[in-house]
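Hi,

Here is the model I said I would pass on.

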Amino acid sequence: NVGAVGTAALLDVPNSLQSLLLRLHEEGYDVGDFATDPDACGESVVAALRVLNEAPVIAGGASRMEEALEDHMERARNGDKTVAETLAKPLGGLGGATVRAIDVSTDDVEKVLGKYMAKKVRRAWSEKERGPGVSASGDMVVAGIQVGNIWITVQPLLGVEGDPMRLLFERNLTP
């Protein structure tokens with residue numbers, strides 16, 4: 001994912017995310033304990049999403065996502081400087097949020113998208129390229145953080161890493 005999780009031009013994604021969750025809470029939406037937990041913060045949610053989008057974590061499939069995040073939180077608590085410090089907070093600074101992930105087979109993609117769109121996805125993400133978000137077993141991994149009844153995930157990459165021109169100029173590119 002080229003390390004771009006939680007970044008956007010001229011935006012403070014962690015603070016924007018935190019403000020959005022707090023506003024949703026004020027408007028009556030269920031954000032779990034996020035709004036009332038003093039340790040909960042947008043920076044932790046973004047850090048957790050970064051973990052879930054690391055290539056080795058995705059390669060392990062949906063069943064390994066929660067374990068990977070817990071491992072990063074433990075490493076942060078032990079002072080590992082290669083892990084986001086915010087994950088060292090109680091409950092990882094996630095305000096009770098949980099990992100929600102699922103493996104989606106190519107057959108499932110076809111059932112949901114239909115044959116035509118599934119064919120486009122397979123053509124864009126060949127077995128050789130694997131594509132973003134594909135586990136070692138070949139399933140697409142859809143993962144995110146559940147905050148109350150709100151699910152937060154990362155927009156999948158568009159195009160092929162290392163080939164930005166393909167994204168700009170290929171008319172039939174499937175994300």
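Let me start with the charged pairs: the count comes to 6 salt bridges, where a salt bridge is a side-chain nitrogen of Lys or Arg within 4 Å of a carboxyl oxygen of Asp or Glu. Keep in mind that this is a predicted model, so local features need pLDDT of at least 70 and side-chain atom pairs count only at pLDDT 80 or more, while totals for chains, interfaces and linings use all residues. Residues are numbered from 1 along each chain as its sequence is written, and side-chain values use heavy atoms, with hydrogens and water left out.

R23 is exposed at a relative accessible area of 53%, whereas E27 is partly exposed at 48%. For those words the cut-offs are: buried under 20% relative accessible area, exposed over 50%, partly exposed in between (1.4 Å probe, protein chains only).

Next, R77 and E74 form a salt bridge with 3.0 Å between the closest N and O atoms. Both residues sit in helix α4, 3 residues apart, which is about one turn of the helix. R77 is partly exposed at 42%, and E74 is partly exposed too, at 37%. While you are at R77, look across to A88: the two are 11 residues apart along the chain, yet their C-alpha atoms are separated by 4.4 Å.

The pair D108 and K111 meets at 3.9 Å, N to O. Because they are 3 residues apart in helix α5, about one helical turn separates them. D108 is partly exposed, with 30% relative accessible area, and K111 is exposed, with 67%. There is also a network of salt bridges that links D71, R75 and D80.

Now the overall layout. The chain has 6 helices and 3 strands, and from the N terminus on the elements run α-α-α-α-β-α-β-β-α. Helices (H or I, at least four residues) and strands (E, at least two) are DSSP runs, numbered from the N terminus. Of the 175 residues, 36% count as buried.

How do α1 and α2 cross? The axes of α1 (residues 13-26) and α2 (residues 42-52) come within 7 Å and cross at roughly 115°. The axes are lines fitted to C-alpha atoms, for helices over the stretch in contact, and angles run from 0 to 180 degrees between N-to-C directions. The two helices are therefore roughly perpendicular to each other; angles under 35 degrees count as roughly parallel, over 145 as roughly antiparallel, 65 to 115 as roughly perpendicular and the rest as oblique. The crossing of α1 and α2 is right-handed, a term used if the near helix is turned clockwise from the far one by less than a right angle, with left-handed for anticlockwise.

L69 lies in helix α4 (residues 65-77) and is buried, with a relative accessible area of 4%. R50 is 19 residues from L69 along the chain, with 9.6 Å between their C-alpha atoms. T98 is 29 residues from L69 in sequence and 9.8 Å away in space, C-alpha to C-alpha. T98 itself belongs to strand β1 (residues 98-104) and counts as partly exposed at 31%.

Most residues other than glycine have a negative phi. The phi of L91, however, is positive, near 55°. L91 counts as exposed, at 57% relative accessibility.

Last, the surface. Which residues make the nonpolar patch of about 430 Å²? They are V112, L113, Y116 and M117. Patches are made of residues with over 30% relative accessible area and no salt bridge; like charges are joined within 9 Å, and nonpolar side chains (Val, Leu, Ile, Met, Phe, Trp, Tyr) within 5 Å. The areas come from the Shrake-Rupley method with a 1.4 Å probe, and for residues only the protein chains shown count as cover. V112 sits in helix α5 (residues 106-124) and counts as exposed, at 69% relative accessibility.

Cheers
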